[in-house]
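Me: Could you take me through this structure step by step? I am new to reading such models.

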Amino acid sequence: MPNFKSDRVAEDIRRELSALLRELKDPRINSLLTVVRCNVTNDLSSCKAYISSLEGFEKAKEGCEGLKHASGLIRKEIANRLHLRKAPEFKFIADDGVEHSAHLQELMDEINKKG
């Protein structure tokens, strides 16, 4: 049976985390980082946030390190903004989805030019 509350909270966390990325001052966290998706456990105790960068996978890894360093502040802000009794612990994972989709788009463009 699906748990709609955890899905709703995951989407709220993704939205607020995206806004919070713009406010952090760490130089490793640049403005080209995006939160692709968030997965929250059913008891809302932990959250996996998948982070991607338009500059490539290495910049996404670097951004994840900066986010890991600021995880205490992020937990506090998410709890305040979403009015959660207990904020989940975050695990930031670098994702190369944007880079992969850009590569697929290039391949499709090449096919369209040939055909």
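This is a predicted model: local features need pLDDT of at least 70, side-chain atom pairs count only at pLDDT 80 or more; totals for chains, interfaces and linings use all residues.

Me: In which pattern do they follow along the sequence?
Reply: Read along the sequence, the pattern is α-β-β-α-α-β-α.

Me: What does the C-alpha trace span along its principal axes?
Reply: The C-alpha trace spans about 55 × 40 × 15 Å along those axes.

Me: How many of the residues count as buried?
Reply: Of the chain's 115 residues, 34% count as buried.

Me: What about strand β2, which residues does it cover?
Reply: Strand β2 covers residues 46–53, and Ser 52 is found in this strand. Ser 53 also belongs to β2.

Me: Is β2 enclosed or open, and why?
Reply: Strand β2 is largely enclosed by the rest of the structure, because 6 of its 8 residues are buried.

Me: Which strands are joined to β2 by bridges?
Reply: Strand β1, residues 33–40, is joined to β2 by 7 bridges, and these two strands run antiparallel. Strand β3, residues 89–94, is joined to β2 by 6 bridges, and that pair runs parallel.

Me: Which residues are bridge partners, for instance?
Reply: Cys 38 has Ala 49 of β2 as its bridge partner. Leu 33 is partnered with Ser 53 in β2. On the β3 side, Cys 47 has Phe 90 as its bridge partner.

Me: What lies between β1 and β2?
Reply: The two strands form a hairpin with 5 residues between them. In the turn, Leu 44 has a positive phi of about 60°.

Me: Back to Ser 52. Buried or exposed?
Reply: Ser 52 has a relative accessible area of 1%, so this residue is buried.

Me: Which residues does Ser 52 touch?
Reply: Leaving aside residues up to four places away in sequence, Ser 52 touches Leu 32, Leu 33, Thr 34, Val 36, Ala 60, Asp 95, Gly 97 and Val 98. For Asp 95 there is a further detail: its backbone oxygen lies 3.3 Å from a polar atom of the Ser 52 side chain.

Me: And Ser 53, buried or exposed?
Reply: Ser 53 counts as buried, because its relative accessibility is 3% and the cut-off for buried is under 20%.

Me: What does its side chain reach?
Reply: The side chain of Ser 53 reaches the backbone nitrogen of Glu 55 at 3.2 Å. With residues up to four places away in sequence not counted, Ser 53 touches Leu 32, Leu 33, Lys 59 and Ala 60.

Me: How do side chains alternate in a regular strand?
Reply: In a regular strand, side chains alternate between the two faces of the sheet.

Me: Changing topic: how many positive and negative side chains are there?
Reply: The chain has 20 positive and 19 negative side chains. The centres of the two sets lie 6 Å apart.

Key. Residues are numbered from 1 along each chain as its sequence is written. Side-chain values use heavy atoms; hydrogens and water are left out. Helices (H or I, at least four residues) and strands (E, at least two) are DSSP runs, numbered from the N terminus. Buried means under 20% relative accessible area, exposed over 50%, partly exposed in between (1.4 Å probe, protein chains only). Lys and Arg count as positive and Asp and Glu as negative; His and the chain ends are not counted. The place of a charge is taken as NZ of Lys, CZ of Arg, CG of Asp or CD of Glu. A polar contact is a pair of N or O atoms within 3.5 Å; within protein, one must be able to donate a hydrogen and the other to accept it, and residues adjacent in sequence count only if both atoms are side-chain atoms. Contact means heavy atoms within 4.5 Å. Two strands pair if DSSP finds at least two bridges between them.
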